[in-house]
Each structure stands twice: as C-alpha cells, then as structure tokens.
Amino acid sequence: MNQSMELEERYCAHTYHPLPVVLTRGERVWVWDDQGNKYLDFLSAYSTASHGHCHPRLVRALQRQAEKLTIGSRAFYSELLGKFLEKICVLSGLDMAIPMNTGAEAVETAIKAARLWGHQVKKREAPEILVAEGNFHGRTTTVISFSSEPEYRRGFGPFMPGFRIIPFGDVEALERAIGPDTCAFLVEPIQGEAGVRIPPVGYLKAVAEVCRKRRILLLLDEVQSGLGRAGKMFAFQHEGIVPDGLILGKALGGGMVPVSAFVGKREILELFQPGSHGSTFGGNPLACAVGLEALAVLQEEGLIERSEELGKYLVERLRKMRYPWIKEVRGKGLWVGIEVDPLQASGREICERLMKRGILAKETHQTIVRLAPPLVITRQELDWALGEMENL
C-alpha cells in the first residue's frame, strides 16, 4: 500500500471499499494512476463524468466563471441562474426548478415538495410517499428510512415515518397501495445502485396514468439515468411521458462541480415561499456556468445519440460472450449491469481482474458489475475494452 492509500485509510472514514489504484489525472475516457498506468474509465464516477474527464469546453466555462464570480448566494439575483433553470425546464417539459448541490439534496427537496403539496393541495395531515423496493435515492437519514437494503439502514435508526415500499416494475402493486394519504410515488426509471434494473416496457407510461387518475404526484429520480446515460436526455422520454417532478444531479455538473436540481410543475413549486427551503451554494454562478455548458455539450456533440447507438452495441457484444461467470446482461444506453454467477466469481473479483487489464469498473451488491463509460467514448475504444473483457 502506497502513501496515498495509507493516508486515506488512516484519516478518511471507511465508507467506501476502493479498488487499489490511486488516480491522478483524467482525459476523456482515460485516467492515469500515480504509477503512470493508463485505464479506461468504465464507471464515469457513477455517471458524474458522462462528458468525459476534463472536457475542454467545461474546463473553459469553469475557468471563465471562476475568474468572474463564483458565489453570491440566493440573497441576490444571479446573471446565470434563470438561464440555467430555463434550459432544464425546456429540455424536461417542466415549469420551475429549485437548484441544489448533490443528488441526495435534490431528493430531499422532492420529498419536501411532495409533502407540501400533500398538506396544501390534498389537505392531508400525514402525507404518505410510496417508493420502490430496491431503491437508492441517497444516504441521508430521511432517504435511508425508506431503503429496502439492510446495509444502508443498520445502526442509523430511528427512521422517519411517512413512506411505504412497493415492488419495482409492478403497476398493479402501485394501484393497490395508493390510499387516502398517499401524495406521491418516488421511483427511479431504471434502478442504478440495484444493478441497472430495467422495468418492463410500458411500466412508466402505466405508472403515469395511475398517478394522474388517483391524483398523486409522479416523482422520477434521474440522478443517474438522466442526461443521456440511458440513451435519451431523460429516461422517461423512452415512454413519452412527463413526470410531475424530476430529480437531477451527477452529470449536471459535467464532472466538474456538484450541481443538482428538483424540477417540477408550477403548481407544486409555487407552494414554496421564502424561508421554506434553501441552499447556500445551490444555484451559485460557477455551478450554473458549468451546468449550462454541460447541457450544451450533450446536445451539440451528439452524446445522447451516441449513448443510444453504442449502448445497443455494448449489450449485444456482452451477451454474445457467454462466459460462465456472466449470468445476465441488462442495459439501456451506455449503462449496463452484468449479473455475475456467484459460483464462478464475485463482482469484486471481476472488477479486480478488469483493473489488471486496464479497465476500471465497480461492483454493487457483491454479484453485479456496472459499466457506465463516459458518453464521449468511441466505438474503437469500446471495442478495445470488450476485447480485454473477452480475455478475462
């Protein structure tokens, strides 16, 4: 173990189990370690670096704004905040947004918005939010209160009430679960941390119809699935719907700065009043400048279309491998989950073997390897990685 690893192990709480590599530099889809070894990044910082590492346009946008004004706080109007949120609203088909920093903060904002709507519009004293089994919406005390994963909850109670878990991908279960106090259904269109779990075709469309009929809000967490990762600007666009609320983060900051937002219909977000919510750093000029450029890069450089095209190619090639350790391959866009046969290897073992061949990926739930390369990856680079995987 080198000095960087030793220092991190000594002074950083052990909330992660990193692969034994110390990264020092990144460019596009490639990263280098402190020994000069080069790796293809197949994780993209859990989709945060979807634009690739140190994209020149994003670096320039950050540098320009950093020399001008980085923060003024929401106590004053901003030159860029309105432009940034307008762009998000136009792209999503929604009306207003609240800028935050991290995905978990945006989820918390969505929960507050749903409860506020439940109190003021549905006139319920104890508004309830339905969530899906296998969900991952962050690690705050509120969010882990409705996690179905024991590892995320162990030792952190007591937990917050007001949530109920239903099966993922089951429209009938949603309809049965809605009660008089239900005000919203919070769900990921594709479950990322659970291992890129994709619901049946038509699920989101049917869910949106149930929510409309039963007068509850549909809140979609697209922190990972959004912004081109799943082959559309937003994963919900695969089914031609528009949710009542949308949670964004990760790639919204272009892999440069933490940027997130809760985006929703005007009738929901206009319920907030000065003092009812806020964030010191949320919507700061630096974040807005980078976020605006990040959205422009996705559109102008065809990264969403590339995700759709190369994602199909990646899944097709992986399914043809038919190695004993591959139990199942599922994916949407450049986002793939490989289910590993535990009798052959663990997800960690596969990731360690990939690392030795110059590919960085990460396991989840011991038996799943996630692949999420930067959307700027070329077919040739993908072919190289797949060739290495074929020799595992």
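Helices are DSSP runs of H or I with at least four residues, strands are DSSP runs of E with at least two, and both are numbered from the N terminus. By that rule, Leu-286 sits in helix 11 (residues 285–300). This is a predicted model: local features need pLDDT of at least 70, side-chain atom pairs count only at pLDDT 80 or more, and totals for chains, interfaces and linings use all residues. Residues are numbered from 1 along each chain as its sequence is written, and side-chain values use heavy atoms, with hydrogens and water left out.

**Overall shape**

- The protein has 14 helices and 15 strands.
- Its radius of gyration, taken over C-alpha atoms, is 21 Å. The globule rule (2.2 Å times the number of residues to the power 0.38) gives 21 Å for 392 residues, so the protein is as compact as a globular protein of that length.
- The C-alpha trace spans about 60 × 50 × 45 Å along its principal axes.
- Of the 392 residues, 55% count as buried. Buried means under 20% relative accessible area, exposed means over 50%, and partly exposed lies in between (1.4 Å probe, protein chains only).
- Contact means heavy atoms within 4.5 Å. Among contacts with a separation of 6 or more, 72% join residues 24 or more positions apart.

- Leu-286 has 16% relative accessibility, so it counts as buried.
- Leaving aside neighbours within four places in sequence, Leu-286 contacts Leu-62, Gln-65, Ala-66, Leu-69, Thr-70 and Val-257.
- Leu-375 is 89 residues from Leu-286 along the chain, and their C-alpha atoms are separated by 23 Å.
- Gln-191 lies in the loop between strand 7 (182–187) and helix 9 (203–214). Gln-191 is buried, with a relative accessible area of 0%.
- Not counting residues up to four places away in sequence, Gln-191 touches Ala-132, Glu-133, Gly-134, Asn-135, Phe-168, Val-196 and Arg-197.

**Strand 4**

- In strand 4 (residues 96–100), 4 of the 5 residues are buried, so the strand is largely enclosed by the rest of the structure.
- Strands pair if DSSP finds at least two bridges between them. Strand 4 and strand 10 (residues 260–264) run antiparallel and are joined by 5 bridges.
- Ile-98 has Phe-262 of strand 10 as its bridge partner.

**Pocket and cavity**

- Both are found on a 1 Å grid over the protein atoms alone. A cavity is a set of points where a 1.4 Å probe fits but cannot get out. A pocket is an open set with protein on both sides within 12 Å along at least five of seven lines. Lining residues have an atom within 4 Å of a point.
- Grid points are joined across faces, edges and corners, and a volume is the space filled by probe spheres set on the points.
- The second largest pocket holds about 700 Å³ of space. Its lining has 25 residues, and Arg-74, Leu-81, Leu-85, Ala-97 and Pro-99 lie nearest its centre.
- Helix 4 (81–92) and strand 4 each supply at least two residues of that lining. Helix 4 gives the largest share, 5 residues.
- The structure holds 1 cavity of 30 Å³ or more. The largest cavity has a volume of about 40 Å³.
- Leu-43, Tyr-46, Ser-47, Gln-224, Trp-335, Arg-370, Leu-371 and Ala-372 line the largest cavity. Helix 2 (44–47) and strand 15 (368–371) each supply at least two of its lining residues.
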